[in-house]
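Please keep the sequence and the model in view while reading.

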Amino acid sequence: AFGAVVSADARGVLEYWSATEPFGLPAGVRFQFKTETDLYAVAKARARPLALAVSPDGEHFAVCASDLKVRLFSFRTGKTRRTYDESSESLHALQKDGDDAYRLEAFDFGRRMA
């Protein structure tokens with residue numbers, strides 16, 4: 001939809017590229033400088049991107065990183081829409097203090113965490 005490529009390097013830096021020359025920022029983005037975005041969020045966390053997926057309509061993309069967080073970005077703004085913490089610490093906190101609807105029996109929780 002945007003004729004763009006989103007890339008991530010081992011340092012955690014996310015980049016946007018136009019798919020055609022001159023390979024600058026693609027049309028449709030609402031920023032001029034990366035400092036106006038959250039594209040450094042993974043690098044600031046000192047994490048490495050492990051996977052990157054783009055939504056079918058191209059409006060959003062998600063990055064899973066070595067800090068066990070999944071970050072959902074808006075393509076147009078480069079801003080983080082939501083961050084999901086998949087670390088064992090956050091799962092233990094949710095099991096201990098979270099809503100009853102998400103709580104598992106102690107045996108089931110222990111088995112899933114093993």
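## Basis of the report

The model is predicted, so local features need pLDDT of at least 70 and side-chain atom pairs count only at pLDDT 80 or more, while totals for chains, interfaces and linings use all residues. Residues are numbered from 1 along each chain as its sequence is written, and side-chain values use heavy atoms, with hydrogens and water left out.

## Overall form

The protein has 3 helices and 6 strands. Along the sequence they follow the pattern β-β-α-β-β-β-β-α-α.

The C-alpha trace spans about 55 × 25 × 20 Å along the principal axes. The radius of gyration of the protein is 17 Å, whereas a compact globule of 114 residues would have one near 13 Å. This radius is taken over C-alpha atoms, and the globule rule is 2.2 Å times the number of residues to the power 0.38.

Of the 114 residues, 25% are buried. Buried means under 20% relative accessible area, exposed means over 50%, and partly exposed lies in between (1.4 Å probe, protein chains only). Among contacts with a separation of 6 or more, 33% are between residues 24 or more positions apart; a contact means heavy atoms within 4.5 Å.

Strands of a sheet pair through backbone hydrogen bonds, either parallel or antiparallel. Here, an open sheet of 4 strands has the order 3-4-5-6 with antiparallel pairing. Strand 3 (49-54) and strand 6 (80-85) stand at the edges with a single partner strand each, so one side of each has no neighbour in the sheet. From one strand to the next, the twist averages 15°; the axes are lines fitted to C-alpha atoms (for helices, over the stretch in contact), and angles run from 0 to 180 degrees between N-to-C directions. Two strands count as paired if DSSP finds at least two bridges between them.

Strand 3 is joined to strand 4 (residues 60-65) by 5 bridges. Leucine 52 has valine 63 as its bridge partner in strand 4, and proline 49 stands opposite alanine 65. These two strands form a hairpin with 5 residues between them, and glycine 58 in the turn has a positive phi of about 80°. Strand 4 also pairs with strand 5 over 5 bridges, where phenylalanine 61 has phenylalanine 73 as its partner. In that hairpin 3 residues lie between the strands, and leucine 68 takes a positive phi near 65°. Strand 5 (residues 69-74) is joined in turn to strand 6 by 5 bridges, with tyrosine 84 as the partner of valine 70.

In a regular strand the side chains alternate between the two faces of the sheet.

## Aromatic rings

The model holds 5 aromatic pairs. Rings of Phe, Tyr and Trp (its six-membered ring) pair if their centres lie within 6.5 Å; planes under 30 degrees apart count as stacked, over 60 as edge-to-face and the rest as tilted. Tyrosine 16 and phenylalanine 75 are stacked, at 4.6 Å centre to centre and 5° between the planes. Tyrosine 16 lies in strand 2 (residues 14-18) and phenylalanine 75 in the loop between strand 5 and strand 6, so the pair ties together parts that are 59 residues apart in sequence.

Tyrosine 16 is buried at 5% relative accessible area, and phenylalanine 75 is buried at 4%. Ring pairs link Phe2, Tyr16, Phe31, Phe61, Phe73 and Phe75 into a cluster.

Is arginine 71 buried or exposed? Arginine 71, which is placed in strand 5, counts as buried, at 5% relative accessibility. Its side chain makes a polar contact of 2.6 Å with that of aspartate 67. A polar contact is a pair of N or O atoms within 3.5 Å; within protein, one must be able to donate a hydrogen and the other to accept it, and residues adjacent in sequence count only if both atoms are side-chain atoms. Leaving aside residues up to four places away in sequence, arginine 71 touches residues including Ala41, Phe61, Val63 and Arg82.

Arginine 46 is placed in the loop between helix 1 (41-44) and strand 3. Arginine 46 is exposed, with a relative accessible area of 79%. The C-alpha atoms of arginine 46 and aspartate 67 are separated by 8.1 Å, and the two residues are 21 residues apart along the chain.
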